[in-house]
Each structure stands twice: as C-alpha cells, then as structure tokens.
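The paragraphs below go through one structure part by part. Keep the sequence and the 3D view open while reading.

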Amino acid sequence: MEQKLRQEAKALLEQNKVDWIIGFEPGSLKFTATPLITRDKNDTERLIINPFIVNNLADFLTGIKGRVGIVAKGCDSRSIISLIQDNKIVREDVVILAVPCPGLIDLVKIERLAGKDRDELDDISRDGDKVTVTVDGQKKEFAINQTLFDHCLACELPTPQEYDILLGEPGPPAPELEVSGQNIAKLKEALPAERWEFWQNEFSRCIRCYACRNACPACFCQRCFVEETEPQWVMPVPRWQDNLIFQIIRNIHVAGRCTDCGECERVCPVNIPLRSLAREMYGIVDELFSFKSGMDKEALPLMAHYEQEEAEDLFK
Amino acid sequence: MADKKVGKKDIAGLLEQWSQQFAVFAPSKESGVAAMAEWDGKDISFLDWYRNTVVPPKAIFLPPMEELFRFQKGKEGYNIEPPPKDKHKRLIFGVRPCDARAMAILDMTFEQALEDPYYLSRRKSAILVGLGCTNPCESCFCTSMGTSPTDQTNVDLMLIDIGDDFLIEEVTAKGKELIAKTSGLKGATKEDEAKAKQAKETAYNKVTRKLDTEGIKDRLLASFDDEEFWEKTAAKCISCGICTLLCPTCYCFDINDEMVKQEGTRFRSWDSCGFPNYTKMPMENPRQEKWRRVRQKVCHKYEFYPMTFNVIACTGCGRCIRLCPVNWDITQVIESVPARTEAKK
Ligand code: SF4
Ligand code: SF4
Ligand code: SF4
Ligand code: SF4
Ligand code: SF4
C-alpha cells in the first residue's frame, strides 16, 4: 500500500495534477506519525500508512491554496466531503488517495492495558483481530476492540466512498458501537445533577488552548465566536463556566458538520472527553434530521440551507 | 556535613510533617491530568511515574488565570480593591530538574526585567524540592539544554533515587534550614553517596535525544527573513496553544476586565504567541501568517532570550514534542535552521 501511495503521489506532483501532497511521514517519537505537507516530489518517498496515522488531514485543506493530493482514511474522506458540501473546497481541487482503514490504535488504551507508559513499550503490532504489545521482551496480546480509538469502533465508513485513487482492498466496517459508546452511556444513565458536576470538573482543567477547535475540520470559521469582543460571548479567561460554554457553542456550530472523527478528544492535552459531546450531537442530528455529514457530496449542508416547508413552519 | 536520606516508604510521613508548615504541592492525576496539586495527605503514587507532569509547575506561580484586582465604579471614579495578600508558604515536592531550570528562567522575566508582585509573592516564599529522574522519556533532551536528570542547581533540596531511599542533597540555605528542622531522617553512608553518583550517571546516559545548539542564535538571526524555511517549518502546525501554554518557560499573558453593572474584576490569564489574535491591532496584524508566529516562538526561545538574558529559554522538557497534536518537534526544527552561509544564498 505504501509503495503504491508513494508512486501515485509522486506522479501527481510530476504530472502537475496537484500542487501539494498531504499525507503522513514517520513521527519523531515511538508509535507516532506526523503530517507531511509538501510540494517536493522527493518527499513522497517518506509517505507511510500504519495504525498510528491519527490526524484528520482534512483539517489542512481550508488553509492551503492550490490543488491537493490528500491521503484519506474513511473519516478524513467524510470531512473532505463535508467541506465540499459547505462549499469550503471544490471537489475538482482535491485528489483523494483513499486508504481502507482497519482502525487506529489508541495509545492511551494501550498504556492502560499494558500498565506501562508508551516510552517503555518495545513494540506494538497488529495482526487481524489481535494487537500484540511487547514490553521487556514479553509479548502481551489484546483484542482489537480493546485497543482502537472509540471513534474507530464507531466508524461507519472505514474506506472512503468518494475517491480518485484507491490504495488497497476495502475492508468491512467493524462497528463495535456498544464498546465505543460506553462513556456516553454511563453519562446518560447519570442524574442531571451528577452530569452537571461531571462536566464542571472536566472543564475546570481546560486551558483554552483551542487545540480541539483548531484540529477540527468542521471548525473552519475565519473568526471564531470565542474571539469576538463585541459582543463578548465568553470570557477568554479559562474559568470552567466559560470553558464549558465555549465547548457547547462549538458543538452547536459543528452540528451537521461533525463526522465523529474524534480529533477534538485526541488532541486535548488535559484529557477532557470531548468526543462524548460531539458524538451525542452527531446522534441527535441523525435522529432529528436523518442526516449524517460527509456521506454524500451532493447533499445540501444541513445547517446552511432550509426547505420551503421549514420556513413556513417557522414563520407562521 | 554529611547528606541525609529518607526511605521511600517514609515520604508520606515527610510530606505530612512539612504540611504543618507549608502548603505542600506534589504531582497528582486527581484532576484528570498530571499536574502539581495540593497534596491530599496520602497519595504518593507519583514516585512511580517517570514522565513529567503535563501541566508544568509554573502553573503554581503563574496560574492559568488569576484575579489581579476588583474594582467598583463610584461617584469619584474607580475604587480599586487589591486581592487578599497571599499568605501561603508553598513547598513544591517532586519538581523535575528541567522544570526547576524553567523556574529560574521565568524569574529573569518576572524579577529582573520587571518586578511582578503577583508572581514574586508566591515564588519568593516557596521551597522547591527536586526529584531526580531515573527513566528519562524519549522526548527529554535536558542534557543538551544546560541541565540533567539529576541536576540540583535550581532547587532548594534535591532527592536522588538510591533504591529503597532517596539521598537528600541540601542545595540552598533555605533547604538546609528546612532539613535541620525536619525529624525522622537518616544519615547517608559513603555507600549511599556512591549509589547516588552511579544513579546520576545512569540517568544522564539514558537521555538519548540530543540537540546541538552551537551557534543557534546567529543561525536564527541570519535566517530571520528566510520565508521559505519558515513556511516549510510551520506547514503542519495548527496554531493551537499547547506547546506554549504548557511550556514551563513560556510566560505570555492576557489581561481582561469583566464588568457587571458597576463592578468588575481584572483577570490575567495565559496567552500564546501562536494565536493569530495575539498581535491583532485595530488596523494591522504583524503576525497574521502562521509562519511568522511559529518563527516568533522559536526565535523568542532560542534567539531573543539568549540576547537579553544569555540563556536559551528551553530546558528540554519535551512537553511541546509529546503533547503537540501534529508532532511538531522543536529539536528537528532547531537542527534544520540553515547555517549562516546557506541562509545568505
Ligand atoms: S467536533 Fe470533534 S469529532 Fe466532530 S468533526 Fe470536529 S474534531 Fe471531529
Ligand atoms: S483542547 Fe481541551 S484544553 Fe484545549 S481548549 Fe479544547 S477542551 Fe480546552
Ligand atoms: S527532561 Fe530531563 S529533567 Fe526533565 S523530565 Fe526529562 S529527564 Fe527529567
Ligand atoms: S502544539 Fe503543535 S500544532 Fe499546536 S501550536 Fe504548537 S507546534 Fe503548532
Ligand atoms: S520549548 Fe518545548 S522542550 Fe523546551 S522547555 Fe518549552 S515545552 Fe519544554
């Protein structure tokens, strides 16, 4: 798969079909990959595909000028489609290099299972439904559904539907909805007061780094409400109340755009379970409007259009 | 005077004793993230961690947010109500050498450059008790940045892991005084001291990430206008605040007033030069483009700080590498800054 990717990416640049390639190259720490954004065909030699290509690369599309060849897992492809739906990018300007994705390994889960820090692990490898972690020469085996990111366990589209070049064979979706939704289910069982207390605690440690917003492909506003001063919707001071309001408004703003890619939660440096909010909103949108973002590029963006009947309903 | 030592299992007792006199802070995950927190009277599980806290100890002295003062609008103008005097005497236990050095670097800004009463009132009365690292992480590069996993330079007391005990190095007068008043410590033997020496060497050699900072100030100066280099360097950065807000040497802050009717509060909170709004002015933003902001971050640490204080404002703690959502790695960037001749073209 990697060889094919490198060839295709190189050819795209050589034949001047794209100005940029966005993909992944090896990261500087164990078990990491890092985004590679380049116009240099020689760099394509470094492109990789492995279970640690965690970033949603669609996030870079709105900030780049020119035509882009982009490596896309299923979730990335949905974000790309969502951006097309919202008219933020044009289909013709992207060449989608589709990666059939078997799910990404969540190092936080691995650390918990192995009882060790990622620094202490010698190796993590995947073979089908098993993930093998090697620590001090000892091998430990775990079931795949214990080790993947929650959003991967809920993935509805592991292989992009919309693509230009397909790298490898599409695999079946392996949803483990129950496992992936455990945190949310627990929260829903709790009493409202308990839930309130839970989120109050969680947002007390938010430092307002805005990584959740900046890593989110659906957060593409050029001026975010959080930075408005007249009126000032929230204080830029990291008080839990303001932090919570920030995140709630953000969730409302990406409703109908969020594809449950899980990036917000993954990047949060203080471990706030942001996907619980995002995923819940995703479910609500589906329930109310039978709409899933990023599935169909022809579909009109949910929150940016209305039907005649809706308007009549609203203004009668 | 010979060094003292304390048994690992006696650490809780020691902290208990110090709690009588100080507000004791220690690494904790209780809040949901590894940070320095007021010690709860029992948890010493941090002795088994070897990764540094996610939130650096600077947060105790320069908190993510604080009230500077309150004010009321009266008939004759504003009435200012200063915050209550900070009477806490803090003891910060388990500070890693990289973060201790970072505190010394922050002092340069908050004490030498100008005197910040909020920072200094907390800082001056505090005691730092260092904890030597035994297992540096992959992202640690302290040994290239003027410190090391067991460096005692910037703390009052330093603890070195010698197996069942910690050897206590008494560094400052403040530290010595505290030890003199502390009971239950054992005297260290020659053998213990030999063990400590060995432990230091072992830890030092375990830091594998190296960074050559030779001539970096001049290389950055020469590359300042190398737009192509900076654009390439900044390409994957998403302009979040992680690497700056959580850097132990970053100190930028924002000031905001909140006013309801006739009363208000002035807040100070962490800010980051990575945010586009940081330099936004009514007509102009000199760092609108991302590459200019990334350049600012790198140059502030590796060029401007050395120019002002003769020290690089990076201690190799590795947080920015480990926590960055895109694995933007400062050591790779510093290494790739073109040499003078190349930059000139
Ligand atoms: S809100 Fe979170 S899960 Fe939804 S698209 Fe944005 S980053 Fe992905
Ligand atoms: S990533 Fe986490 S800490 Fe940063 S702003 Fe978002 S919720 Fe807050
Ligand atoms: S950088 Fe050095 S001092 Fe800091 S945690 Fe790592 S080994 Fe310890
Ligand atoms: S943490 Fe990484 S992505 Fe965020 S501003 Fe720093 S370098 Fe950029
Ligand atoms: S720049 Fe990075 S490695 Fe250096 S002190 Fe700051 S967070 Fe640590």
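At a relative accessibility of 29%, Ala339(B) counts as partly exposed, because that class lies between the limit for buried, under 20%, and the limit for exposed, over 50%. The model in which this residue sits is a predicted one. Ala339(B) belongs to the loop that runs between α12 (330-336) and α13 (340-344) of chain B. Leu220(B) is 119 residues away from Ala339(B) along the chain, and the C-alpha atoms of the two are separated by 8.5 Å.

Ser239(B) is not a glycine, yet its phi is positive, at about 60 degrees. Helix α8 of chain B, which covers residues 227-234, contains Thr233(B). Thr233(B) has a relative accessible area of 11% and is therefore buried as well. What does Thr233(B) touch, leaving aside its neighbours within four places in sequence? Its contacts are Val294(B), Trp328(B) and Val333(B).

The next stop is a hairpin in chain B. Strand β2 (residues 23-28) and strand β3 (residues 35-38) of chain B run antiparallel and are joined by 4 bridges. One of the pairs consists of Pro27(B) and its bridge partner in β3(B), Met36(B). Between β2(B) and β3(B) there are 6 residues, and in this turn Gly32(B) has a positive phi of about 110 degrees.

Both Pro27(B) and Met36(B) are also touched by Phe93(B). Phe93(B) is part of the largest nonpolar core, which has 179 residues. Which residues touch the most other members of this core? They are Phe93(B), Trp18(B), Tyr302(B) and, from chain A, Ile80(A). The element that gives the most to the core is helix α10 (residues 290-309) of chain B, with 7 residues.

β1(A) pairs with two strands, described here in turn. With strand β3 (residues 68-72) of chain A, the pairing is parallel and runs over 3 bridges; in it, Trp20(A) stands opposite Val68(A). With strand β2 (residues 33-38) of chain A, the pairing is antiparallel and runs over 6 bridges. Here Ile22(A) has Ile37(A) as its bridge partner. The hairpin of β1(A) and β2(A) has 6 residues between the strands, and Phe31(A) takes a positive phi near 60 degrees there.

Further along chain A, Asp136(A) sits in the loop between β6 (130-135) and β7 (138-143). Is this residue buried or exposed? Its relative accessible area is 60%, so Asp136(A) is exposed. Although Asp136(A) is not a glycine, its phi is positive, at about 45 degrees. Another loop of chain A, between α9 (211-215) and α10 (240-253), holds Pro231(A). The peptide bond that leads from Glu230(A) to Pro231(A) is cis, with omega near 0 degrees.

The largest cavity holds about 160 Å³ of space. It is lined by 20 residues, and those closest to its centre are Cys216(A), Pro217(A), Ala218(A), Cys258(A) and Thr259(A). Two or more lining residues come from each of three elements of chain A: α2 (74-85), α11 (263-267) and α12 (274-289). Of these, α2(A) has the largest share, 3 residues. Sorted by class, the lining of the largest cavity consists of 10 nonpolar, 4 polar and 6 charged residues.

Conventions
Residues are numbered from 1 along each chain as its sequence is written. Chains are lettered from A and ligands numbered from 1 in the order in which they are written. This is a predicted model: local features need pLDDT of at least 70, side-chain atom pairs count only at pLDDT 80 or more; totals for chains, interfaces and linings use all residues. Side-chain values use heavy atoms; hydrogens and water are left out. On a 1 Å grid over the protein atoms alone, a cavity is a set of points where a 1.4 Å probe fits but cannot get out, and a pocket is an open set with protein on both sides within 12 Å along at least five of seven lines; lining residues have an atom within 4 Å of a point. Grid points are joined across faces, edges and corners, and a volume is the space filled by probe spheres set on the points. Ala, Val, Leu, Ile, Met, Phe, Trp, Tyr, Cys and Pro count as nonpolar, Asp, Glu, Lys and Arg as charged, and the others, Gly among them, as polar. A nonpolar core is a set of buried Ala, Val, Leu, Ile, Met, Phe, Trp, Tyr and Cys residues joined through side-chain atoms within 4.5 Å. Buried means under 20% relative accessible area, exposed over 50%, partly exposed in between (1.4 Å probe, protein chains only). Contact means heavy atoms within 4.5 Å. Two strands pair if DSSP finds at least two bridges between them.
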